[in-house]
Amino acid sequence: EWLEAADCRAELLQHLKDQVPQIFCLKKELSPPEEEDLTQRRLLHPLECFLFGEDPQEGRQKLQQGSASSQLCGRVFKEGETVYSCDCAIDPTCVLCMDCFQDSVHKNHRYKMHASSGGGFCDCGDVEAWKVGPCCSKHDLGAAAAMDEAVLEPELYERAEKLFRVLMRYVTDFLVWEENFELSAELQPRLKDNVYYCVLYNDEHHSYDHVIYTLQRSVNCDQAEAQTHTTLIDKEGRRAVKRGTLRSCQQAKDLIRSNSEHISLQPLRVEILHATVMAHQTFALRLGSWFQKIIGYSGFRQAFCQVALEPNADRDRPCLISRLMLHDARMYKARKIVHELIFGSMLMDSDFKRLFAIEFTKHYKQLQKDFISDDHERSISITALSVQIFTVP
């Protein structure tokens, strides 16, 4: 139906408008496997059917047969992961993951190993990063030529662009969304329930114990529940600590602020979100992870980069990827998904890397200003990407 619809975008958004609140607005919180199963069945599977134009499993198999592996490794490092540098590197920021190092000439050279602070990625296959031996045996230079041949069929590429344009805009809109109670007209439900969430955000000022203490005093939960909330706030950047009417959430918000102010001069950051806004923001993050899997295929990666860097019809507004960069400092830990998307797409292709570098440089002054007023570490900030862009010889 979506394929034949006169307005494909409206049909896709209608589907999200119907389904997203039914999965992410439930009174009883689902277990992660239940939520994942529903998301896969009712949201992601239909989107993949539209993308491939057939059973997604079969579509994937065809792509795997026809595509070569990328010349670049691009593995994004987790915090604490072992990385290797060698005297052959152009500069000290060029590093290899363990697998590529073991399969490379560098293991017989003078090398150093250290723990990654997270966020960087493996430079194997990048000819601008190494004086000799840029590729391990898996990412040889021959893969680059094969990559150029791995082109999608025109209909598949067209569908990918069409779908990515809708979904990438949806993801961007919700990651930078600042209206806590309202959705856009296209996603506004017919009947608005009086259901809200009191949402607590991660910061760098309060300790675990402070947050646990504040939650126990403010939202009537025991220590175990407060600990669960606090762990998830630290891991995911935010967490709904109360569900209820606007009035009850407002009371919880006031209590959290006053109780946390006694401990530290700065109160915890807490906001009230309407349940449907929270639902769409949660699904937008899930879509970010879905995109990471999909752009593992080079043809889809090109379509994704094309859409993300496309100039906005309104000339005063930046392209989608720049909108995300410019909101980086306000984006809690959702920014991690954005950074990984950039690593997995723009930085894996030399032509798109150049176009992305132009956008990054255009906004560089603003990004640095935002970083100065941000209370998070450099490794969490989009400005850390400058090492990938400005250290190229």
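Student: Let's start with V270: buried or exposed?
Tutor: V270 is buried, at a relative accessible area of 3%. Buried means under 20% relative accessible area, exposed means over 50%, and partly exposed is in between, using a 1.4 Å probe and protein chains only. One caution: this is a predicted model, where local features need pLDDT of at least 70 and side-chain atom pairs count only at pLDDT 80 or more, while totals for chains, interfaces and linings use all residues. Residues are numbered from 1 along each chain as its sequence is written, and side-chain values use heavy atoms, leaving out hydrogens and water.

Student: Ok, and where is V270?
Tutor: In strand β5, residues 270–274. Strands (E, at least two residues) and helices (H or I, at least four) are DSSP runs numbered from the N terminus.

Student: What does V270 touch?
Tutor: Leaving out residues up to four places away in sequence, V270 touches C198, V199, L200, K253, I256 and R257. A contact is heavy atoms within 4.5 Å.

Student: You mentioned a cysteine. How many disulfides are there?
Tutor: The count is 0 disulfides, a disulfide being a pair of cysteine sulfur atoms within 2.5 Å. For C198, the nearest cysteine sulfur is that of C249, 5.7 Å away. C100 is in no disulfide either, and the nearest cysteine sulfur there, from C97, is 3.6 Å away.

Student: Is C198 buried or exposed?
Tutor: Buried, at 0% relative accessibility. C100 is buried too, at 1%.

Student: Switching to helices: at what angle do α1 and α6 pack?
Tutor: About 50°, with the axes of α1 (residues 8–24) and α6 (residues 154–175) 10 Å apart. Axes are lines fitted to C-alpha atoms, for helices over the stretch in contact, and angles run from 0 to 180 degrees between N-to-C directions. That makes α1 and α6 oblique to each other; under 35 degrees would be roughly parallel, over 145 roughly antiparallel, 65 to 115 roughly perpendicular, and the rest is oblique.

Student: Which residues of α1 make the contact?
Tutor: C8, R9, L12, L13, L16 and V20 of α1, meeting K162, L163, V166, L167, R169 and Y170 of α6.

Student: Last one: what's the phi of N220?
Tutor: It's near 55°, a positive value in a residue other than glycine. Most residues other than glycine have a negative phi. N220 sits in the loop between α7 (208–218) and α8 (223–236), and N220 is exposed, with a relative accessible area of 76%.
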